[in-house]
Amino acid sequence: MEKRKPRKTLVGRVVSDRMDRTVTVSVERLFRHPRYKKIVKKTSKVYAHDAENQCNVGDMVRVMSTRPLSKLKRWRVVEIIQRAQ
């Protein structure tokens, strides 16, 4: 039997929780620009499944990749790392 590859995980901040059982998570990543060698910050938005509707705007969450759940949802919330103040 083949072993499954480890799933991808990302850490980001919830920017929207208006949808039912779905949150929008903003994920930042840093990389060095190939020509100018400056550290650049890039932001991506991912849609994540929040089964219990526990996340609020401003929460820091960890999301894990999963099978496609809808047209845009490919991630699910694993844990809430830090609650918003």
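Among contacts (heavy atoms within 4.5 Å) between residues at least 6 apart in sequence, 50% join residues at least 24 apart in the protein. The model is predicted: local features need pLDDT of at least 70 and side-chain atom pairs count only at pLDDT 80 or more, whereas totals for chains, interfaces and linings use all residues. Residues are numbered from 1 along each chain as its sequence is written, and side-chain values use heavy atoms, with hydrogens and water left out.

The protein contains five strands and zero helices, in the order β-β-β-β-β along the sequence; these are DSSP runs numbered from the N terminus, with strands (E) of at least two residues and helices (H or I) of at least four. The C-alpha trace spans about 45 × 45 × 25 Å along its principal axes. Of the 85 residues, 27% are buried (under 20% relative accessible area; exposed, over 50%; partly exposed, in between; 1.4 Å probe, protein chains only).

Asp59 is located in the loop between β3 (39-49) and β4 (60-65) and is buried, with a relative accessible area of 1%. Its side chain reaches the backbone nitrogen of Ala84 at 2.8 Å. Not counting residues up to four places away in sequence, Asp59 touches Gly12, Arg13, Val14, Gln54, Ile80, Gln82, Arg83 and Ala84.

Lys8, in the segment before β1 (9-16), is exposed at 60% relative accessibility. Leaving aside neighbours within four places in sequence, Lys8 contacts Val63, Met64, Ser65 and Trp75. The C-alpha atoms of Lys8 and Thr24, 16 residues apart along the chain, are separated by 17 Å.

Methods. Polar contact = N/O pair within 3.5 Å; in protein donor to acceptor, adjacent residues only side chain to side chain.
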